[in-house]
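Hi,

Here is the structure for you to look over. My notes follow below.

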Amino acid sequence: MIEASSLTPFDKLDALIASAAASRPAHRVSGRVARISPTYIIVSGLSKFVSIGDAVSIAGIGGSVLAEVASIEANAINVTPFIADHRIELGARVTAMSGQLTLSPHESWLGRTLNALGHPIDDGGPLIAGDRAVPIQGGPPAALRRNRLGEALTTGVKTVDLFTPICAGQRIGIFAGSGVGKSTLLAMLSRAPSSDVTVLALVGERSREVRDFLDDTLSASRSRVVSVVATSDESPMMRRMAPSAAMCIAEYYRDQGKNVLLIIDSLTRYAHAIRELALASNEPPVARGYPPSVFSALPRLLERAGTGEEGAGTITAILSVLVDGDDHNDPIADATRGILDGHIVLDRSIASQGRLPAVDPLASLSRLAPKIRTKQQAQYTTQLIEVISRFEDTRDLRAIGGYRPGSDAILDRAMEVVPRLYDALKQNLDEPPVEDVYAFLSQVLPNSPRPNSPPPR
């Protein structure tokens, strides 16, 4: 400890300033509302005191309105309110808050339902704040300090565990058009027995589906689920913030050493919210109406998932991507596929045949499958893919009577195996999860090769 006699006058001055700052609240700078539009507000007097992404508080008629700084000019800033039905007048006072919005997650948040700002919207009372406040718009761990990917994660969904196996810390997307069963498959995956905590983000969902999902689908595992909800009628700011808030909460549990399952439904509506805000700020569109900020925001969000640093757990992210017009090459689907570690494609024609979940095994891919499967399992899956491919390629030929048994050994095998395989892989929400899909198939397809079961997990 330094003695007081050894301190220089400058040291004493610094200590005095620090003591005064600790004992007195920081002075908050304020400005005034200069212009109001349906999506943003222009504020004068704060340009030198805020940064992009900082939070500000606007004195509305019915109370304070929270907003975020979107752009800064020499004499004015552009802020976007988090609520759409605000009542703000010209000249209203705007106060700069201390940086970006933060959350203070706590272990007791399990079983709770929050909005995109971390406020409870259920009947559980106020939330307990944790010891540390972290920015909602955080960043990923350093690439070279992250742990390697973990072991296999059993989802209990037969089609997924067979054709697109997932390991702890993987990021995988479910790609499909509207009404093909994305939400149902997500509901089945949310019950994965291998995860310790589930964090669910419902972005742009219908209010009716939110209640059904929470009360019915998650009723058995609700006590280990934290839900973040921003419905379709909420502002684009809330829909944009919901996945980031869910990621922030997932990071908290990951840093405690837990294996977290993060589900976001849907990533496309998150991109739509960013597009609305960007176009309102006069950002030019570059691809089918999407501005550049959309394609920079996607990796910033998704790279936060995955493994943590040494001693931490993992965030396994499963995200739904709504494919506009069943075009799997639309900008959001194409950009997301390049970021994720795999994709599960749902096909409308498969759903119309009553085969649910409508996973297309020929179009789906898990980039980490070679790390999970044993050699025998990989050979078994490759043989199944081969016969499925021949079965589907000859569907039209067989429909016109062009198939003759004995002329093609692989097709003969496909005609014997594939219909039974399709029937065995059907699964709905009421069925219990299947812990070992390979053992299951060796029973229902006794004449097929028998792969080794995966090691205990």
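Helix H7 (residues 292-302) has its buried residues covered by several elements. Among them are strand E12 (171-176), helix H5 (236-255), helix H6 (267-280), strand E17 (314-322) and helix H8 (331-339). The buried residues of H7 are Val294, Ala297, Leu298, Leu301 and Leu302 (buried: under 20% relative accessible area, 1.4 Å probe, protein chains only). Viewed down the H7 axis, they fall within an arc of 115 degrees, so they line one face of the helix (the arc is that of the directions from the helix axis to the C-beta atoms).

This is a predicted model: local features need pLDDT of at least 70, side-chain atom pairs count only at pLDDT 80 or more, and totals for chains, interfaces and linings use all residues. Residues are numbered from 1 along each chain as its sequence is written, and side-chain values use heavy atoms, with hydrogens and water left out.

Next, the H5 and H6 pair. Their axes (lines fitted to C-alpha atoms over the stretch in contact, angles from 0 to 180 degrees between N-to-C directions) come within 8 Å and cross at roughly 135 degrees. Pro236, Met237, Arg239, Arg240 and Pro243 in H5 meet Tyr270, Ala273, Ile274, Glu276 and Leu277 in H6 (contact: heavy atoms within 4.5 Å).

Last, a loop. Ser37 sits between strand E1 (30-36) and strand E2 (41-44). Ser37 is buried, at 14% relative accessible area. Its side chain reaches the backbone oxygen of Tyr40 at 2.8 Å.

Best wishes

Notes: Helix = DSSP H or I, 4+ residues; strand = E, 2+ residues; numbered from the N terminus. Buried < 20%, exposed > 50% of the residue type's maximum accessible area, 1.4 Å probe, protein only. Polar contact = N/O pair within 3.5 Å; in protein donor to acceptor, adjacent residues only side chain to side chain.
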